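Welcome! Please open the model in your viewer and keep the selection tool ready, as we will go from stop to stop.

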Amino acid sequence: MTELTYVERAARVKLMIFDVDGVLTDGSLHYGADGEALKTFNVYDGLGIKLLQESGVQTAIISARVSPQVAKRAADLGIGFVHQGGHDKLTPFNALLEKTGLTAQQVGFIGDDIVDLPILTRVGLAVAVPGGRKEVLERAHHVTVAHGGRGAVREVCELLLHAHGTYERVLAQFMV
């Protein structure tokens, strides 16, 4: 049996899971005067997630850090499953599989650091960002051109839309 291409893997994805720091953000933490850590999100990534949802692909976030900004961003984007806190990402991943009834092969994940490896090595489509750790890059089926927080998520969303044959349909709403 031949190995699937990343496009063939993308065509099977029914749920895309996003890491936050280094993926939805560039990984930088900015601290305000009160000590609160601030994050910056990319609007292109946000629209990509919305378009992916419109096409029928479910979305989720699993992040090791806890941040009220992540909860707010997820709510703004309509991401229903958000798990924050702890380096054990496998437990919330397994809970999400149970909740959705999907297999790991029907799931995509984009990450950048070694805490992402337990999910990355189990999913049908493993994606990394170019600034990711060597161990992650070596195990990814696909590495984005864009960096985390700089359009990598949008790139993955468009890859999925093309692989599912839904890109033109979601684009049509803007072609009036």
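Helices (H or I, at least four residues) and strands (E, at least two) are DSSP runs, numbered from the N terminus. This is a predicted model, in which local features need pLDDT of at least 70 and side-chain atom pairs count only at pLDDT 80 or more, while totals for chains, interfaces and linings use all residues. Residues are numbered from 1 along each chain as its sequence is written, and side-chain values use heavy atoms, with hydrogens and water left out.

Start by selecting serine 67, in the loop between strand E4 (58-63) and helix H3 (68-77). Serine 67 has a relative accessible area of 5%, so it is buried (buried means under 20% relative accessible area, exposed over 50%, partly exposed in between, with a 1.4 Å probe and protein chains only). Beyond its neighbours within four places in sequence, serine 67 is in contact with Lys39 and Gln84 (contact means heavy atoms within 4.5 Å).

Next come the salt bridges, of which the structure holds 10; each is a side-chain nitrogen of Lys or Arg within 4 Å of a carboxyl oxygen of Asp or Glu. Select arginine 65 and aspartate 21, whose side chains form one of them at 3.5 Å, N to O. Arginine 65 is partly exposed at 35% relative accessibility, whereas aspartate 21 is buried at 15%.

Finally, select arginine 150 and aspartate 26, which meet in a salt bridge of 3.2 Å, N to O. Here arginine 150 is exposed at 54% relative accessibility.
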